[in-house]
Amino acid sequence: MQLLRFFTAGNVDDGKSTLIGRLLYDSHAISTDIIETLTKQSKVKGGDTEIDLALLTDGLRAERTQGITIDVAYKYFTTGNRQFIVADTPGHLEYTRNMFTGASTAELALILIDARNGLTDQTKRHSIIASILRIPHVVICINKMDLINYSEEKYKQIENDYMEFSRQLQLNDISFIPVCALQGDNVVSQSKNMLWYQGKSLLNFLEIIEIDKPKLSNQSRFQVQYIIRPQTNTLHDYRGFAGKVLSGTYKKGQKVTVLPSGIETIIDKIEMNQHEVNVAETNAPIVFHFKDDLDISRGNSIVLTEDLPKIEKEIIAIICWMDSANYVPGQKILFQQNSFRTKAVVKEVISKIDIHSSIEKESDGTMRLNDICKVLIKTAEPICFDRYIDNRNTGAFILISENTNNTIAAGTIN
Amino acid sequence: MSKPLDYLDELESEAIYILREVAGQFERPALLFSGGKDSICLVHLALKAFRPSKFPFPLVHIDTGHNFQETISFRDNLVKKIDEKLIVRYVADTILNKKLQDGKGKFPTRNPLQTYTLLDVIEEFEFDACIGGARRDEEKARAKERIFSVRDEFGQWDPKMQRPELWNIYNGKINKGENVRVFPISNWTELDVWNYIKRENIHLPSIYFTHSRECILTENGQLMNTNEFVQREENDVVVKKNVRYRTVGDMTCTSAIESKASTVDDIIKELLETKISERGATRMDDRISEAAMEDRKKGGYF
């Protein structure tokens, strides 16, 4: 069974939660007791339809009373041979950071556009984020087709506008589906109102799309998360370095380098669940043992000596500022990449991405909530990384405020 | 592009990664153990994450006093077998010490009272992270929660102020007095848990499987175990049925379901056919209001 992680994006009121609700409802992924509760709630709300499908994912009281999505809701469903994890993300500008959260682990972006409005700032912003995150697949659902009389012409116009806009972006695989989430047209089954559309329904599309996992290079990358030291009589000298293979593979006997120290050693043993294995593949949770007794700590990288990553104290990155407090020049922050953390500072805000054109514009040096900027970051300890476009697991990071401990930015290394 | 993993391997790898992040980032973590299948899976995952070493955290059980005997003996056997530290704190003690009102009514649940005991034990041991087996597919408020969920010094969850959580980078930095609730199996569904139990051959308390039991059939059709905490009435409809428990919580708020499933395979088959959700089928506590879980979480519940 394959797992597909996708997220919804689009403007407020474009119908994201309704579309997800429709997808779950029509694919029979909702239990009868939950439908019962929803029917009751929908009646209380006095809406037009029998069931307000958005109530399925709007799990917080404030969301239900305001009729908006504030934070990501994760939903799970299975059809035939595929398991889905959906992140229903908010459309409001002020909650873009939550949208970013839902998008960061996804393989597919489902972007909604209200057929009456066409492309909006949020469509563009979310597409830019999908592009920065290098989401492998994008499907654009042009929703509320009923409100434009199922017009093929208007649909084509939006499709053209989007293709024009996305030329600047790094989106490789873009598809379009005309839908009406409220009534279910082209969501699970083919619409009878749009016979001019020959493509697949959304669910069918999601079921059969060949999933490209986010880009990981074949280069062997590993970071130490935790050092296992039983300190018992029988295992007195046992020192195992636990972590996950971030990319590539590792084999017993290979020559490796510990970074940032640069010390070389040989893989003596690889363990998984206390059993020795000869090869460890990407994503495997393993424990390393080395020939030499070395000083290795949490956050250190273990890489093949023949294929080192970049090691720098200054990096250029694209970041999305996620703090309600603006960036203050010289502000002391922490840089975290997987288990590696070091003190850092944003030395320079190089440019700001203009969401209307997706073009980089000259920066005035400020960063406000939801700004997407190219920056120069200087760190106290050297960072071992690959470019994000080559390796998602070693090219992504977050910035943490030393003052509030909040996550204040997310970034991808150029 | 890397080849897609089997989804159970992917979920397992994610959970082990999260457990090791807890061990790496916190000074005094704990694993909240209820004796239910989800926390039993957590223990299994922790064995994979940390053996041959001991766990870098104790197991903590908040004992409501309304547990099934099978759960308690299972817990004690498991702890003995894996030789780990178990801390038990009793809701009954909290009720006495804090002069709290015990659960009332026909089915006097102590579920809301657990929160007091939990917050006390966090304070007593200064736990900075509590690992729990909650899953996002269980309930709509849980569907909104981060894997690292920061709670203030009162244990409160503020759903509008959650930290962004990106990729698999977990920010466990907190201020003094705050703590983090960590949910390594957030992305697992009920069915995933059972498929994993099958694959890993994990043992569970016997009440998850079919057995004959005397139950009170409630007005809304739920089968409640007859026991000393439930107030018996003359007109109670008492039936004897082949039942099993789909979730294992307190005897006073968890209902049984009619089932002939005697093996893990039977249960998986049953789940594939059922039309009722896990909590909908078994929990009285979530039926109180549509925001019951959200409200409990805001108050410090896990």
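This is a short tour of a predicted model, stop by stop. Residues are numbered from 1 along each chain as its sequence is written, chains are lettered from A and ligands numbered from 1 in the order in which they are written. In this predicted model, local features need pLDDT of at least 70, side-chain atom pairs count only at pLDDT 80 or more, and totals for chains, interfaces and linings use all residues.

**Confidence**

Colour by pLDDT, the predictor's confidence in each residue, from 0 to 100. Chain B has a mean of 86, with 91% of its residues at 70 or more. Select helix α2 (residues 37-50) of chain B: confidence in chain B is highest there, at 97. Then select helix α8 (residues 278-282) of chain B, where it is lowest, at a mean of 66. Helices (H or I, at least four residues) and strands (E, at least two) are DSSP runs, numbered from the N terminus. Where pLDDT is low, the predicted coordinates should not be read in detail. For the complex, the predictor gives an ipTM of 0.89 and a pTM of 0.90.

**Between the chains**

Show both chains. In contact (C-beta atoms, placed from the backbone, within 7 Å) are 61 residues of chain A and 47 residues of chain B. On the chain A side, helix α2 (residues 32-45) of chain A gives the largest share, 5 residues.

**The core**

Next, select A103(A), A109(A), V179(A) and L31(B). Of the 164 residues in the largest nonpolar core, these touch the most other members. Such a core is a set of buried Ala, Val, Leu, Ile, Met, Phe, Trp, Tyr and Cys residues joined through C-beta atoms within 7 Å. Buried means 20 or more other C-beta atoms within 10 Å of a residue's own, exposed 12 or fewer, and partly exposed in between, with C-beta atoms placed from the backbone. Helix α1 (residues 7-25) of chain B gives the most to this core, 9 residues.

Zoom in on V179(A). Leaving aside neighbours within four places in sequence, its contacts include L19(A), C141(A), M145(A) and L202(A).

**Helix α5 of chain B**

Select residues 114-125 of chain B, helix α5. Among the buried residues of α5(B) are Y116(B), L119(B) and I122(B). The buried residues pack against elements of chain B including β2 (59-63), β3 (86-90) and α4 (91-97). Finish on E126(B), which follows α5(B) and has a positive phi, near 50 degrees.

Terms used: Contact = placed C-beta atoms within 7 Å. Expected span 1.5 Å × (residues − 1).
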